[in-house]
Structures are given as C-alpha cells and as structure tokens.
Amino acid sequence: MKASELRAKDVAELEKEISELLKAHFGLRMQKATQQLSNHTALGKTRRDIARAKTVLAQKKKEAAQ
C-alpha cells in the first residue's frame, strides 16, 4: 500500500488498517512456523506496510494536536 493511499484515510480508518495488517502478519508468521508459507517476501512486505501505516497515523495525530 502506498503512503498516498494511507494519507487519504482518516485516523479511525488507519487504526483499522493497522489492526488488519497485524492480523495478516500474525497469520503469515504462523504459516512460516508450520512450514506452510510459500511466499516468504510477504512477511517483509506486511511488516513494511504496518510501519508505513503507523508513520502516517503518527503524522496525522501530530497535526491534529497542533
């Protein structure tokens, strides 16, 4: 997901997106642990998406506080 797409969302939508990404990342980790994961790059991609969403959320909260 691109940062521009995330910036178009409001705070509630970003928090929902982060929770969905965390659930997806947990599922991928469990697949890796049980050796069912075929696409190992998906782990890194979801981790980066989570970080990107958290960064945009922090920026929006900082803007709202000012």
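Mentor: Residues are numbered from 1 along each chain as its sequence is written. In this predicted model local features need pLDDT of at least 70, side-chain atom pairs count only at pLDDT 80 or more, totals for chains, interfaces and linings use all residues, and side-chain values use heavy atoms, with hydrogens and water left out.

Trainee: Why is Asp-49 called buried?

Mentor: Buried means under 20% relative accessible area, with a 1.4 Å probe and protein chains only. Asp-49 has 9% relative accessibility, so it counts as buried. Asp-49 sits in helix H3, residues 41-65; a helix is a DSSP run of H or I, at least four residues, numbered from the N terminus.

Trainee: And what does Asp-49 contact, leaving aside neighbours within four places in sequence?

Mentor: Met-1 and Leu-21. Contact means heavy atoms within 4.5 Å.

Trainee: What makes up the largest nonpolar core?

Mentor: Eight residues: Leu-6, Leu-14, Ile-18, Leu-21, Ile-50, Ala-53, Val-56 and Leu-57. H3 gives the most to this core, with four residues. A nonpolar core is a set of buried Ala, Val, Leu, Ile, Met, Phe, Trp, Tyr and Cys residues joined through side-chain atoms within 4.5 Å.

Technical notes: Helices (H or I, at least four residues) and strands (E, at least two) are DSSP runs, numbered from the N terminus. Buried means under 20% relative accessible area, exposed over 50%, partly exposed in between (1.4 Å probe, protein chains only).
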